[in-house]
Amino acid sequence: FDVVPREIVPKAVAYNVMGNSSMRVLGPAIAGFLIAAIGAAGNFFIQGILYLGSGLLAFLVVFPPKKPKEGKISAWGELKEGFRYVAKDRTTRLLMTITSIQYFLLVPVFNTLFPVYAKDIFEVGPEGLGLMFTFVGVGGVIGAWSASQLMRFDRVGLIQSGAMLIYCTALVGLALSPNFYLALAMCGLAGGAEMVNSVNNQTMLQLSAPPEMRGRVVSLIQLNPALIASGSLIAGSLGDFLGAPGACMVVSAASAALILVLLMVSPHLRSLRLSKYR
């Protein structure tokens, strides 16, 4: 909101997510060549140089001047204010609930269960595992672009709910795939649905929050990695008891059930519109 006009925030978020998704494809591939050529230590050295470069580039971004805040609040105090706002505001609370379902139940499948699929179910080894992640990344790029186009439609609550249900369906399709090629297609569909929901969700979180709370709300998105870590424990435990396909079926069914319950009990989700916050 400090660097782009409000009316193009949805596209800016989509491009940002698209960039991250692109790196899911290019990053591991480039790293593989670097490790083969100069070893793991050399690869990490180059990554460090690139991080330094990105940090220096951030200094080139020009932000408009802001008025200093009256009074000082500690970082912990600001975090608590952010949580209080999320609990009080129904739009933010609803959006955070949807993203929590995605990152706690569905996203952990990628890191936790994909290696099991590659090694034990499809027996395709590290190369096949790389292909599964690549298809997720390719689907993510297409999904991010699709999300930018879907911003033409006003009913973002229904778009997010539909993307979540497609995500669940793709993981069920992965669990039931009779061959590796169909599994790859399901990986791509899952990656695309994830990005459609992520772009819509992050856009709405930023557009709906008042200026004084926007930074704190956006900072709460950074808790998603913690949700992934916690969800990975659940996915891994389910995988031990039910196998990777069984674990996929359980988390997908649970996520779909939660989204359908939200749709039934929350008229606000069914009527959530982008135009109200533009």
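**Note on aromatic pairs and nonpolar cores**

1. The structure, a predicted model, holds 5 aromatic pairs. Rings of Phe, Tyr and Trp (its six-membered ring) pair if their centres lie within 6.5 Å; planes under 30 degrees apart count as stacked, over 60 as edge-to-face and the rest as tilted.

2. Tyr117 and Phe122 are a stacked pair, because their ring centres are 6.0 Å apart and their planes stand at 20°. Tyr117 is buried at 1% relative accessibility, and Phe122 is buried at 14%. Buried means under 20% relative accessible area, exposed over 50%, partly exposed in between (1.4 Å probe, protein chains only).

3. Phe122 also pairs with Phe180, with centres 5.7 Å apart and planes at 55°, so this pair is tilted. Phe122 lies in the loop between H4 and H5 and Phe180 in helix H7, 58 residues apart, so to speak of distant parts of the chain being linked is in order. Helices (H or I, at least four residues) and strands (E, at least two) are DSSP runs, numbered from the N terminus.4. The largest nonpolar core has 40 residues, of which Phe114, Tyr117, Met132, Tyr167 and Leu174 touch the most other members. Helix H9 (224-265) is one of the elements giving two or more residues to this core, and H9 gives the largest share, 9 residues. A nonpolar core is a set of buried Ala, Val, Leu, Ile, Met, Phe, Trp, Tyr and Cys residues joined through side-chain atoms within 4.5 Å.

5. Beyond its neighbours within four places in sequence, Leu174 is in contact (heavy atoms within 4.5 Å) with Phe114, Tyr117, Met132, Ala183, Met186, Cys187 and Cys248. Another core, of 29 residues, lies apart and includes Met18 and Leu274.

6. Residues are numbered from 1 along each chain as its sequence is written, and side-chain values use heavy atoms, with hydrogens and water left out. Local features need pLDDT of at least 70 and side-chain atom pairs count only at pLDDT 80 or more, while totals for chains, interfaces and linings use all residues.
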